[in-house]
Amino acid sequence: MLEPQIPPQLLTANQNNLQDQKDAAFSARDFIPFLNEAFPFYNFSLAKNGEITASQNGLPLHSAYNPSAEADRAAQAASSGDSDKEIFVFAGIGLGWLPLCCARLPNAAQKTFIVLEPDAPRFFAALASLSLEPLFKIPKLFFIIGADAAQAASLVQSAGGFDKAKIFFQKSQTAGVQKWFDNFFALAKQRRDAAQVNLNTLERFGRLWLKNGARNLPQMKKLCGAAAFFGAASSGQESIPSVLLAAGPSLQEILPHLKEVQERAVTIAVDTALRACLRAGVQPDFVVLTDPQYWASRHIAGLSAPQSILIAESAAYPSVFRFDCKQIVLMSSLFPLGKYIEARLGKKGPLASGGSVATSAWDFARAIGSKEIYAAGLDLGYPNKQTHIKGSAFEEAAHQFSWRLNPAELQTARILFSAKNQIGADFEGKPTITDERMKLFAAWFESQIAGNPGAATFTFSKKGLAIKGVQFFPLQEFLQKPKIAAQKKEFFERAASNYSFYDNEKFNAVIAELKAGLKSISALSKKGAALCNDILCGDTRAQKRIGELDAIDKEILQSEAKNVAALVFPTGRQLEQIFARSQFPKNPIENAAAKSKIVYDELLNSIEDFLKIC
């Protein structure tokens with residue numbers, strides 16, 4: 001989940017002037033024969049200006065005239081044109097000219113440098129060709145040598161994400177390992193798409209998350225966390241299997257046997273599959289609901305499952321907590337308000353989120369200690385042009401709101417053709433309809449399965465979109481497994497012994513602390529807005545006022561309450577849209593003050609919105 005933050009670069013506009021720097025390169029004429037012998041995959045030579053260069057299979061790695069100038073131009077362009085990029089990713093090191101020149105930029109020490117070179121000999125060729133001492137002085141420098149593309153993509157993601165990365169790419173430098181880089185760029189696109197989805201979701205639902213979270217504070221105080229169940233399915237060498245029940249069309253094949261399945265595993269249903277499970281006469285052991293929207297609450301509205309445990313997000317729509325079930329437990333919140341509280345009082349039980357409730361349900365199965373996870377209805381596509389299992393919440397809603405000019409079939413068609421549909425391959429290699437969103441979910445499962453080798457994942461259906469790392473397992477073979485009533489009873493008993501709850505007084509103290517922090521930010525914002533007004537009104541001490549604004553910004557950014565306010569604070573993209581609709585003075589200092597005033601005003605509005613609810 002994208003963490004909302006107030007962009008510090010938009011609070012004030014003090015910027016340092018960049019100055020061109022260029023060190024003289026050394027001549028390597030005497031080393032050319034040695035290099036050609038040691039690294040025969042390159043053809044080393046001297047450029048027209050006497051600097052070392054090379055080619056590979058006739059393709060030049062660098063300029064044949066002035067390699068350092070060519071690299072310097074690229075570095076300067078990145079510094080000015082992509083000044084907001086915090087990460088420099090070098091796809092192939094070549095001889096090292098470009099990373100070297102980027103390392104000499106005035107702001108290089110504030111960047112994260114990531115050098116990707118799948119082929120170790122090429123990395124050593126760069127070390128032998130140039131003195132890369134300035135590069136090795138970069139504080140946040142990472143070399144990924146000989147690793148796989150997924151590991152490289154994960155490092156970029158953990159360093160800040162692909163939306164903050166500038167990727168330097170030259171085809172001649174990747175030609176020897178093109179397949180590796182094709183995989184890396186495919187993963188980069190998936191991560192960028194996921195980040196864009198998160199950003200869109202934040203802009204659309206940020207206020208809803210904060211509103212729900214504030215109204216559900218009593219639930220956070222009194223309900224225990226899902227962490228009580230973590231590890232409870234694994235006792236010594238034995239492990240209780242889990243079955244994930246998603247709402248894809250293939251779940252229909254499992255429903256007639258669902259009672260038998262439940263006798264042999266812990267059943268974990270997503271909210272959209274609950275209605276179908278109940279119609280089959282089965283109350284799943286767990287139901288997972290993570291979406292804070294009202295329509296997600298409708299998936300379980302009016303239903304009753306007194307033998308099921310509901311796992312909910314603390315920002316869920318408030319009516320979710322009136323669901324008739326055995327027990328409600330909370331997962332760790334994905335949103336700043338819940339994170340703020342849990343950081344002080346303890347985590348409820350972190351579950352990964354890949355954009356779909358099914359991803360959180362899978363992660364719960366892994367977290368409880370199941371070494372075998374079986375999926376039913378996890379189709380990630382539209383097999384046989386069906387969107388959901390018959391009787392699911394989606395299908396029921398389609399029929400409920402169906403009328404002559406908007407029949408249920410038309411609503412299904414909209415789903416099939418509104419998400420940039422694509423053709424994927426199922427577990428038999430046959431074509432199946434899917435879309436970009438489903439492929440993002442599949443990529444999430446693939447990365448998580450690869451990173452958790454202790455939990456094997458299987459599917460009961462061959463019809464869904466194939467997920468790397470997931471194997472087909474025949475349902476009839478699963479039904480031959482022994483019943484585990486005694487083991488499941490012990491599982492729930494072990495979990496019950498781990499129940500823990502927040503202390504009432506400590507909880508109230510944390511909320512009071514949060515409100516005090518937000519009020520402090522509010523006071524600072526008012527002070528900042530007033531200083532901006534002074535500058536815009538022609539205050540002769542404008543330069544001094546800019547320094548005072550810097551101090552205010554620093555204090556705001558150090559506040560632990562800032563991310564809660566940021567949940568309803570405009571994103572960077574929304575701020576740019578606000579700026580585009582505004583007129584600003586041409587004077588640089590007044591221009592910066594006008595923009596900063598908008599930011600302070602928006603921050604004040606965000607805090608007032610929260611304090612009205614909380």
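**Packing, pairing and backbone in a predicted model**

Of the 614 residues of the chain, 51% count as buried. The model is a predicted one.

Biologist: How many helices and how many strands are there in the chain?

Modeller: The chain has 614 residues, and 51% of them count as buried. Among contacts between residues at least 6 apart in sequence, 69% join residues at least 24 apart. The count of elements in this chain is 24 helices and 19 strands.

Biologist: What is the order of strands in the open sheet of three strands?

Modeller: β1 (43-46) and β3 (59-60) are the edge strands, since each pairs on one side only. β1 is joined by four bridges to β2 (residues 52-56), and the two run antiparallel. The pairing in this open sheet is antiparallel, and the order is β1-β2-β3.

Biologist: Which residue in β2 is the bridge partner of Leu46?

Modeller: β1 and β2 run antiparallel and are joined by four bridges. Ser45 stands opposite Thr53 in β2. For Leu46, the bridge partner in β2 is Ile52.

Biologist: Which residue takes a positive phi in the hairpin of β1 and β2?

Modeller: The two strands of this hairpin have five residues between them. Phi is near 90 degrees, and the residue that takes this value is Gly50.

Biologist: Is Asn57 buried or exposed?

Modeller: Asn57 is found in the loop between β2 and β3. Its phi is near 55 degrees, a positive value in a residue other than glycine. The relative accessibility of Asn57 is 75%, and exposed means over 50%. Asn57 therefore counts as exposed.

Biologist: Is Leu380 buried or exposed?

Modeller: Leu380 is found in the loop between β15 (372-376) and α15 (393-400). Phi of Leu380 is near 50 degrees, a positive value in a residue other than glycine. Its relative accessibility is 8%, and the cut-off for buried is under 20%. Leu380 therefore counts as buried.

Biologist: How many residues apart in sequence are Ala175 and Leu59?

Modeller: Ala175 has its place in the loop between α7 (171-174) and α8 (178-215). With a relative accessible area of 36%, Ala175 is partly exposed. From C-alpha to C-alpha, Ala175 and Leu59 are 9.0 Å apart in space, while their separation in sequence is 116 residues.

Biologist: In which sense do β12 and β13 pair, parallel or antiparallel?

Modeller: The strands concerned are β12 (residues 286-289) and β13 (residues 304-312). Val287 has Leu310 in β13 as its bridge partner. Over four bridges, β12 and β13 pair in a sense that is parallel.

Biologist: Which residue in β14 is the bridge partner of Leu310?

Modeller: Leu310 in β13 is the bridge partner of Val287. β13 also pairs with β14 (residues 324-330), in the parallel sense over six bridges. In β14, the bridge partner of Leu310 is Ile328.

Biologist: Are α14 and α17 roughly parallel or roughly antiparallel?

Modeller: Helix α14 (residues 357-367) packs with helix α17 (residues 436-451), their axes being 11 Å apart. The angle is about 15 degrees. Angles under 35 degrees count as roughly parallel, so α14 and α17 are roughly parallel.

Biologist: How many nonpolar, polar and charged residues are in the contact of α14 with α17?

Modeller: The crossing of these two helices, α14 and α17, is right-handed. α14 makes the contact through Ala358, Thr359 and Trp362, and α17 through Trp444, Phe445, Gln448 and Ile449. By class, the contact has five nonpolar, two polar and no charged residues.

Biologist: Are α20 and α24 roughly parallel or roughly antiparallel?

Modeller: The axes of α20 (residues 504-536) and α24 (residues 588-613) come within 8 Å. They cross at roughly 150 degrees. Angles over 145 degrees count as roughly antiparallel, so α20 and α24 are roughly antiparallel.

Biologist: What is the handedness of the crossing of α20 and α24, left-handed or right-handed?

Modeller: By class, the contact of α20 with α24 has 16 nonpolar, five polar and six charged residues. α20 passes α24 in a crossing that is left-handed.

Notes: Residues numbered from 1 in each chain as written. Predicted model: local features only at pLDDT ≥ 70, side-chain atom pairs only at ≥ 80, totals over all residues. Heavy atoms only, no water. Axes fitted to C-alpha atoms, helices over the stretch in contact; angles between N-to-C directions. Parallel < 35°, antiparallel > 145°, perpendicular 65-115°, else oblique. Left-handed = near helix turned anticlockwise from the far one by under 90°. Contact = heavy atoms within 4.5 Å. Nonpolar A, V, L, I, M, F, W, Y, C, P; charged D, E, K, R; others polar. Pairing = 2+ DSSP bridges. Buried < 20%, exposed > 50% of the residue type's maximum accessible area, 1.4 Å probe, protein only.
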